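Welcome! Try each task yourself before you read on.

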Amino acid sequence: MPLFEWTPRLSVGVDKIDAEHRCIGELLNELNKLQNKPSHHGECVQLIDGLIVQIRSHFSTEERYFTEYEYENADEHRVEHERLLAQLDKSRQEIKCGECAGLKLARYLHVWLTTHILVADKAYVEFFRRMNIR
Ligand SMILES: [Fe+2]
Ligand SMILES: [Fe+2]
């Protein structure tokens with residue numbers, strides 16, 4: 001069973017953002033699946049690097065909208081993004097140093113992503129709708 005499963009309740013009503021959330025979710029599933037394979041360290045590091053690129057790019061998408069449309073809760077939302085990126089940098093360092101913590105990271109990110117979409121991202125849905133962003 002995949003770790004991340006897309007459901008309509010995760011939608012924020014903006015196609016580009018939904019697609020990015022799904023893409024991050026798919027990468028989490030790959031990272032999770034990889035852990036059943038022996039000697040997967042190299043692949044694991046590669047996947048995590050790809051995941052970080054995807055997450056950074058997704059945060060930039062949201063933050064560009066925040067700036068362009070002067071979203072009122074942008075600052076606190078950005079703080080959540082920055083905290084996760086700092087955490088990811090730390091995890092990436094640990095993984096490079098030997099121990100493959102891919103499974104732990106996949107599970108952590110799954111909880112983080114789902115909670116973040118349902119709380120912080122959902123909080124801009126009404127505002128984005130008013131601004132006609134879709
Ligand atoms: Fe966000
Ligand atoms: Fe998001």
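## Exercise 1: The whole chain

Of the contacts in the protein with a separation of 6 or more, 73% join residues 24 or more positions apart; two residues are in contact if their C-beta atoms, placed from the backbone, lie within 7 Å. This is a predicted model, where local features need pLDDT of at least 70, side-chain atom pairs count only at pLDDT 80 or more, and totals for chains, interfaces and linings use all residues. Residues are numbered from 1 along each chain as its sequence is written, while chains are lettered from A and ligands numbered from 1 in the order in which they are written.

**Task.** State how many helices and strands there are in the protein, and check its radius of gyration against that of a compact globule.

**Solution.** 
- Step 1: Begin with the elements, which are DSSP runs numbered from the N terminus (helices are H or I with at least four residues, strands are E with at least two). The protein has five helices and zero strands, giving the pattern α-α-α-α-α along the sequence.
- Step 2: Apply the globule rule, 2.2 Å times the number of residues to the power 0.38, with the radius of gyration taken over C-alpha atoms. For 134 residues the rule gives a value near 14 Å, and the protein has 15 Å, which agrees.
- Step 3: Along the principal axes, the C-alpha atoms fill roughly 50 × 30 × 20 Å.
- Step 4: Look at burial. A residue is buried if 20 or more other C-beta atoms lie within 10 Å of its own, exposed if 12 or fewer, and partly exposed in between, with C-beta atoms placed from the backbone. Buried residues make up 19% of the 134 residues.

## Exercise 2: Helix H2 and what follows

**Task.** Work out what span helix H2 (residues 41-69) should have, then say which of its residues are buried.

**Solution.** 
- Step 1: The expected span is 1.5 Å times one less than the number of residues. H2 has 29 residues and should therefore span 42 Å; its end C-alpha atoms are 42 Å apart, which agrees.
- Step 2: The buried residues of H2 are Cys44, Leu47, Ile48, Leu51, Ile55 and Glu62. An α-helix has 3.6 residues a turn, so residues three or four places apart point the same way.
- Step 3: After H2 comes Glu70, found in the loop between H2 and helix H3 (74-96).
- Step 4: Glu70 counts as exposed because 9 other C-beta atoms lie within 10 Å.

## Exercise 3: How H1 packs

**Task.** Helix H1 (residues 15-34) packs with H2 and comes within 8 Å of helix H4 (residues 102-121), axis to axis. Describe both pairings.

**Solution.** 
- Step 1: Axes are lines fitted to C-alpha atoms, for helices over the stretch in contact, and angles run from 0 to 180 degrees between N-to-C directions. Angles under 35 degrees count as roughly parallel, over 145 as roughly antiparallel, 65 to 115 as roughly perpendicular and the rest as oblique.
- Step 2: The axes of H1 and H4 cross at roughly 155°, so H1 is roughly antiparallel to H4. Residues in this contact include Ile24, Leu28 and Leu31 of H1, and Ala106, Leu109 and Leu113 of H4.
- Step 3: The axes of H1 and H2 are 10 Å apart, at an angle of about 165°. H1 is therefore roughly antiparallel to H2 as well. Among the residues that meet here are Ile24, Leu27 and Leu31 in H1, with Leu47, Leu51 and Ile55 in H2.

## Exercise 4: Residues one by one

**Task.** Is Leu34 buried, partly exposed or exposed, and which residues is Ala101 in contact with beyond four places in sequence?

**Solution.** 
- Step 1: Leu34 has 18 other C-beta atoms within 10 Å, so Leu34 is partly exposed.
- Step 2: Leaving aside neighbours within four places in sequence, Leu34 is in contact with His40, Glu43, Cys44, Leu47 and Gly102.
- Step 3: Ala101 is in the loop between H3 and H4. With 15 C-beta neighbours inside 10 Å, Ala101 counts as partly exposed.
- Step 4: Beyond four places in sequence, Ala101 is in contact with Ser91, Glu94 and Ile95. Ala101 and Ser11 are 90 residues apart in sequence and 29 Å apart in space, C-alpha to C-alpha.
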